[in-house]
Amino acid sequence: MADHEDGRTRRFSSADAVYIEVSGYVKKLCAAIFHRKDERTFKAVTEFAIEYKFPNFVQGEADEEIVTVLEHTNDKVKQARILEAMCQWVVEHTRKVDVLLATIGMALSQHGHERDWTDVWSRLCENLEQVVRTEEEEKGSQQQQQQQEKQQENGPASSGWSRPAKQVILERLGTCILHQIDSEASAPLSAVLERIAKQESARSLLAMIQNPTLILARIVQTFEQLQATMARLVAVAYQKHAELSKNNANAIVWRYFQYYSVGFSGGVLRWASSTSNPVELTGTMDLHVTPEEGPYQNSQFKVVLVDTCGQLMKFLLHLEQKVSEDPHFTIAIDLEGVKLCRHGELSLMQISCSDDLQQVYVIDVHCLEDRAFHFATPNKTTLKKVLESAEITKAWFDPRNDVDALYHQYVVHPQGVVDLQLAEVAIRRSGGQNVEYVPGLCKLLMTHLGGHQKEFCSQINELGKRIFEPTWGGFYEAFSMRPLNPILVIYAAHDSRYMLDLLTRARQSLSEDWLDRVKEATRQRCEWFYYKEYNPPRKEAPVF
């Protein structure tokens, strides 16, 4: 019998027919994917797969029915279902590493150290430094010896040096991390570290390890690639052997991916919604393991879901690099939440960057909470610092509710903002129009987009509201449900996708005087949080 850590006892044992059959698939899949044979991992994945896919069996119900289902299920479909459970198992261990990363990263950013962990890590780095130095010395010595032997032609070359430094690094790093998370994750962690090692030299690995947050973030990112690779196999198997459509198969596995590309035409997306009818959207949504994949790179609308500190580290390092390279680097920002204001939960933050106008980062604030704004890179860059930097221009569309939520929930006061809503008012007034009310973003985009993009804009705006807007049959709390509805991810990313284009239009259309007036009016809007009580934004266009 196997016991849970929380005291619950699973009913099955190694003699049960279900356990025997599932464990057979698990061993094959673990060997094929992790390239390891680890009994702790086999046992843990088998028990998790049974509980995840057959909860009634664990609860002691319908044993014969489940056995019958297994007997009459296509062998490839069984394998896909168990692989799907393995994906979820990998996700849970990815989260454990990410929690470790968050704990260390937040401690280092706020206090400058995390004593216990730092002491252990420092000793590890010192030891590994000696391992790498020894290998480099042995390699140099052996090369010199081989040259001498070749010149003298007096015998075979030396048999080699001690175990490769990379192997020692991986073993000791893995042991250190497993001690902090769970020994049952030995096989997938080894597979992840091996993937990283193939891309790095021993010296570059050691340089990365010098800062624990960098190597842990890389491990989280590689774990996410592993789970996405597994999920892609699941989707293909479901399409081929369970006769599911691509949309239906992707709907099952999309939560295991971080990268999505959206097409404005060429198909119909169907997803479950809170209403009785499925949500349909003209277009395509493809899932990608890495952002280097060709179809992702060539897409006109790319989405990166940032819901771990590992992904957040990658994004913050990207911002660091671009800000240092380009003094004119600009970002666009939009927020979504549950009746967003100081009283309504901030759920998502969407950011697009001037180095790639087609790509939008969707930061899951609901999952990351304080870490979204206070988790830091080794250079102490945080999202809070980026938002509060007056040196980085930020395009925003009516930031009043957004800044009210940011300040009162996370003590963030954005600076360097250009309000695109006020810019549009200025464009119209500078052209002689009488503007009484501020325009909405969707209507504004509809006047500038054409063809499939315009149709897509109209559809995604309507479908998003059908999910979260009560007057459309939805509910506000949809933004707080996990996993997120894919339509909400696309809806959230879509508006930010075009904001930098609107900023360029404003700069080209307005004189310096009008731009200065927009900036000053924006500054006043960015202080909306100063009201003692929440002040709902008015629709009347201000005079500025």
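**Loops, strands and a core**

Mentor: Let's start with proline 483, which lies in the loop between α20 (451-468) and α21 (486-497). Helices here are DSSP runs of H or I with at least four residues, strands are DSSP runs of E with at least two, and both are numbered from the N terminus. The model is predicted: local features need pLDDT of at least 70, side-chain atom pairs count only at pLDDT 80 or more, and totals for chains, interfaces and linings use all residues. Residues are numbered from 1 along each chain as its sequence is written, and side-chain values use heavy atoms, with hydrogens and water left out.

Trainee: Which kind of peptide bond joins arginine 482 and proline 483, cis or trans?

Mentor: A cis one, with omega at about 0°. Most peptide bonds are trans, and most residues other than glycine have a negative phi.

Trainee: What is phi in histidine 35?

Mentor: Near 60°, a positive value in a residue other than glycine. Histidine 35 sits in the loop between α1 (17-34) and α2 (39-53). Glutamate 369 also has a positive phi, near 55°, and isn't glycine. Look for glutamate 369 in the loop between α14 (365-368) and α15 (371-374).

Trainee: How many of the protein's residues count as buried?

Mentor: Of its 544 residues, 52% do. Its secondary structure comes to 23 helices and eight strands.

Trainee: What makes threonine 94 count as buried or exposed?

Mentor: Its relative accessibility is 4%, so threonine 94 counts as buried. You'll find threonine 94 in helix α5.

Trainee: Which residues is threonine 94 in contact with, leaving aside its neighbours within four places in sequence?

Mentor: Val220, Phe223, Glu224 and Gln227. Contact means heavy atoms within 4.5 Å. The C-alpha atoms of threonine 94 and glutamine 221 are 8.8 Å apart, though 127 residues separate the two along the chain. Across the protein, among contacts between residues at least 6 apart in sequence, 70% join residues at least 24 apart.

Trainee: Which residues touch the most other members of the largest nonpolar core?

Mentor: Phe34, Ile219, Met349, Ile363 and Phe373, in a core of 166 residues. Helix α5 (residues 75-111) gives the most to this core, with 15 residues. To be called a nonpolar core, a set must hold buried Ala, Val, Leu, Ile, Met, Phe, Trp, Tyr and Cys residues joined through side-chain atoms within 4.5 Å.

Trainee: Why is strand β6 (residues 356-364) called largely enclosed?

Mentor: Seven of its nine residues are buried, so the rest of the structure largely encloses β6. Strand β3 (residues 302-306) pairs with β6 in the parallel sense over five bridges. Strand β5 (residues 346-353) pairs with β6 too, in the antiparallel sense over six bridges. To count as a pair, two strands need at least two bridges found by DSSP.

Trainee: Which residue in β6 does methionine 349 stand opposite?

Mentor: Isoleucine 363. For leucine 305, the bridge partner in β6 is valine 362. As for the turn, β5 and β6 form a hairpin with two residues between them.

Trainee: Which way do the residues of β3 point?

Mentor: Lys302, Val304 and Val306 point one way, Val303 and Leu305 the other, and all are buried. In a regular strand, side chains alternate between the two faces of the sheet.

Trainee: How many disulfides are there?

Mentor: The count is zero. A disulfide is a pair of cysteine sulfur atoms within 2.5 Å. Cysteine 309, at 0% relative accessibility, counts as buried, and so does cysteine 353, at 1%.

Terms used
Buried means under 20% relative accessible area, exposed over 50%, partly exposed in between (1.4 Å probe, protein chains only).
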